Amino acid sequence: ATLDSQLGDFVEGQVDVISTPEGDVTEIAGDFRSSALNLGLHDSDGQGYGTFAMDIYGDNFSFSDNGGGEVGVTLDVGYSAYANFVGADDGTPRVDYFPEPDVDESESFVATYTNNGILTLEGEFEEEVDGDFGFRFPPVTYRLQKNTSNNLFFLLAQEAVVRYRTVDTNGDGQKDAIDPNQKDGDEILRSLEYFARLPENASASDLSGDFGLVSLLTYLGEGSGIRVESETSTINFDGAGNFAVTGGSLFEIFRDATGNMTSLEGNASNDSGSVTLEADGTISTIGGGAANGFVNDTFDFVAVPNFNGTNPDDGTDFAEFNHSLMVKLPNGTAPDLTDRTYRVFLLSVTFENDGSIYLNHTGFDSTLTFTSNESASIDAQYSSVFKSGSLASEVGVENFPLENDLTVSLDGTGLLNLTAPQASGGNGVTTMDGFMSADGSLGLLRTSFDADGAGTGASFNELGLVVLVELP
C-alpha cells in the first residue's frame, strides 16, 4: 500500500481482461525479436540533483500455445545499455554510460492472448539491492497490441521505481537490505517497445522495395546537455543486398547543461551501401559496419536500434541511443483509411524555455480514427511526467483527456501528415509526419509541437515517435 501511494500515478496497474474472448495463439506462435527505447526522469527527494535517463535493449522471445488463450513465453536476454545525465542546471552534470553485452540468461512465464489482438503480461513486485542503494519495483501490467496484418506487436510501458539507501543487517561489512526509512528518490520510466516475428529462411532478395524511415535519437553529453533528434527519410532496398537513402527532414531540440533550450530544423543526408540480411532475419551489417537490426517475417517492417558512448570520466563522456524504424510503402496508390481505427503509441520529450522537462506519452486506450484520407479524430489519454523548472526538481505527473480533430494528407507514396490545433486553445500546432504502410495497417510518425504556430524549427519544443497500430 505504501508503494502504491508513492507511485500509483506513475504506473499502469492490473487490468481486467476476463470479459474479452480468448485469441488463437497458434496465429502468433513463433520466434520474435524485440527492442525498446526507455526514457526516464529521476529525482533525489530534495537532495539537489536529478537525472534524465535512457535505456536501450534487445531481446529474443518465443511464443507457444498453452491452450485456452494462454501463451507460453520464453525470454532470452540480449544486449542492453543505459545512460544517465545526472546533476543540476549549473553546467556540471555528469554522464554515466553502461553498455551490457549479450548475456546468457533466460526465463519462462505465461501471458494471455485475446481475440482483439492484445497480449497481456503481468509483472510482479521486485526488490533489488545494489551496494549503497536498493530499489523496489511495483507490479506493472504490460499490454501489447498486435497489428492486424502481420505479427508485429507494440507496447508503451509505464514503469516506476522507488530508490532507498541500504544497510548492513548481519555485520559482515556488506550492505544487504533496504532501509525503508531512508527513501532516496523516485525513478519514473516510459518505454516504447516493438516485437517482430522473425523469418526462418530469409535471403537478400526478400528485402526489397521502398520503405519509409522514422528515427528517434537521444544524446547525453557531459558538460554539453541533452539532445533529441528525429529524421524522416525514404530508403530503397534493391533485393540484392544494397540500400539507398533519400534524405528527408531532420528536427532537433537541445537542452544545454544550464537548462537553456534551442531547436533546429534541417535536411537529412543521402546515403547508400550494402546490407547483410541473415537467414533468421538479423541485419548484421549496414554500410560495412556492424548492426543490431532485424526484419519481420513478412519483410514489410525493419528496425535498426543502435547505441554508442564512452565513459572515460574526463569530461568527454557521452551516450547516444538511436532507433530507426521502417515500414514498406505503397506503390503509387494510397490505402483507403476511411473508418479505420488505430491504437496510438506516442512517446515524446519536451524542453521548455524555463528549464522544465516533460516525458509525454499516451495511455493504452488512446485511439485515432480516420473519417477519410483527409480528416481524422483522436481520443487519447495523454500524460506527462515532468520536472518543473530544473533538472534537480522533484518528479511530478499530469494527466488529461485529449480529444481533437486532425487534418490529414496522404499520398500514393505513403507520405502521411496529420496536424491539429492546440487542444487548450492556444496558438500551438501539433504535427505528426511520417509514413503509412502499403496496406494501411501501420503508421510510423514523428511528432512535434510548435508552441507559437510559426511553423519553423526555431519554435518547436517537443519531439518524439508515434506508432499507429490498426485495430481489428
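**Close-up views of a predicted model**

R255 is buried, with a relative accessible area of 1%. All views below are taken from a predicted model.

**View 1. A salt bridge joins R255 and D89.** The N to O distance between the two side chains is 2.8 Å. R255 belongs to strand β15 (residues 242-256), while D89 sits in the loop between β4 (80-87) and β5 (94-100), so the pair ties together parts that are 166 residues apart in sequence. R255 is buried because its relative accessible area, 1%, falls under 20%. D89, at 23% relative accessibility, is partly exposed. The count for the model comes to 16 salt bridges.

**View 2. R197 and D297 form a salt bridge.** Their closest N and O atoms are 2.8 Å apart. The pair links distant parts of the chain, with R197 in strand β12 (residues 177-197) and D297 in the loop between β19 (289-295) and β20, 100 residues apart. R197 counts as buried at 18% relative accessibility, whereas D297 is partly exposed at 21%.

**View 3. E470 and R340 form a salt bridge.** The closest N and O atoms of E470 and R340 are 2.8 Å apart. E470 lies in strand β30 (residues 460-470) and R340 in the loop between β21 and β22 (341-351), so this pair ties together parts that are 130 residues apart in sequence. Both E470 and R340 are buried.

**View 4. Salt bridges link R163, R165, D184 and E187 in a network.**

**View 5. Acidic residues gather in a patch of negative charge on the surface.** The patch consists of D31, D76, D104, E105, E107, E124, E126, E128, D130 and E200. Strand β8 (residues 126-130) gives the most to the patch, with three residues. E107 is placed in strand β6 (residues 106-113) and counts as partly exposed at 45% relative accessibility. D31 is found in strand β1 (residues 30-42) and is also partly exposed, with a relative accessible area of 46%. The C-alpha atoms of D31 and V73 are separated by 9.9 Å, and these residues are 42 apart along the chain.

**View 6. The side chains of T282 and D280 make a polar contact.** The contact distance is 2.9 Å. T282 lies in strand β18 (residues 282-286). With a relative accessible area of 17%, T282 is buried.

**View 7. D45 has a positive phi although it is not a glycine.** Most residues other than glycine have a negative phi. The phi of D45 is about 50°. D45 is found in the loop between β1 and β2 (50-67). D45 is partly exposed, with a relative accessible area of 33%.

**View 8. D313 is another residue with a positive phi that is not a glycine.** The phi of D313 is about 60°. D313 lies in the loop between β20 (301-310) and β21 (318-328). With a relative accessible area of 65%, D313 is exposed.

Technical notes
Residues are numbered from 1 along each chain as its sequence is written. This is a predicted model: local features need pLDDT of at least 70, side-chain atom pairs count only at pLDDT 80 or more; totals for chains, interfaces and linings use all residues. Side-chain values use heavy atoms; hydrogens and water are left out. Patches are made of residues with over 30% relative accessible area and no salt bridge: like charges are joined within 9 Å, nonpolar side chains (Val, Leu, Ile, Met, Phe, Trp, Tyr) within 5 Å. Accessible areas come from the Shrake-Rupley method with a 1.4 Å probe; for residues, only the protein chains shown count as cover. A salt bridge is a side-chain nitrogen of Lys or Arg within 4 Å of a carboxyl oxygen of Asp or Glu. Lys and Arg count as positive and Asp and Glu as negative; His and the chain ends are not counted. The place of a charge is taken as NZ of Lys, CZ of Arg, CG of Asp or CD of Glu. Helices (H or I, at least four residues) and strands (E, at least two) are DSSP runs, numbered from the N terminus. Buried means under 20% relative accessible area, exposed over 50%, partly exposed in between (1.4 Å probe, protein chains only). A polar contact is a pair of N or O atoms within 3.5 Å; within protein, one must be able to donate a hydrogen and the other to accept it, and residues adjacent in sequence count only if both atoms are side-chain atoms.
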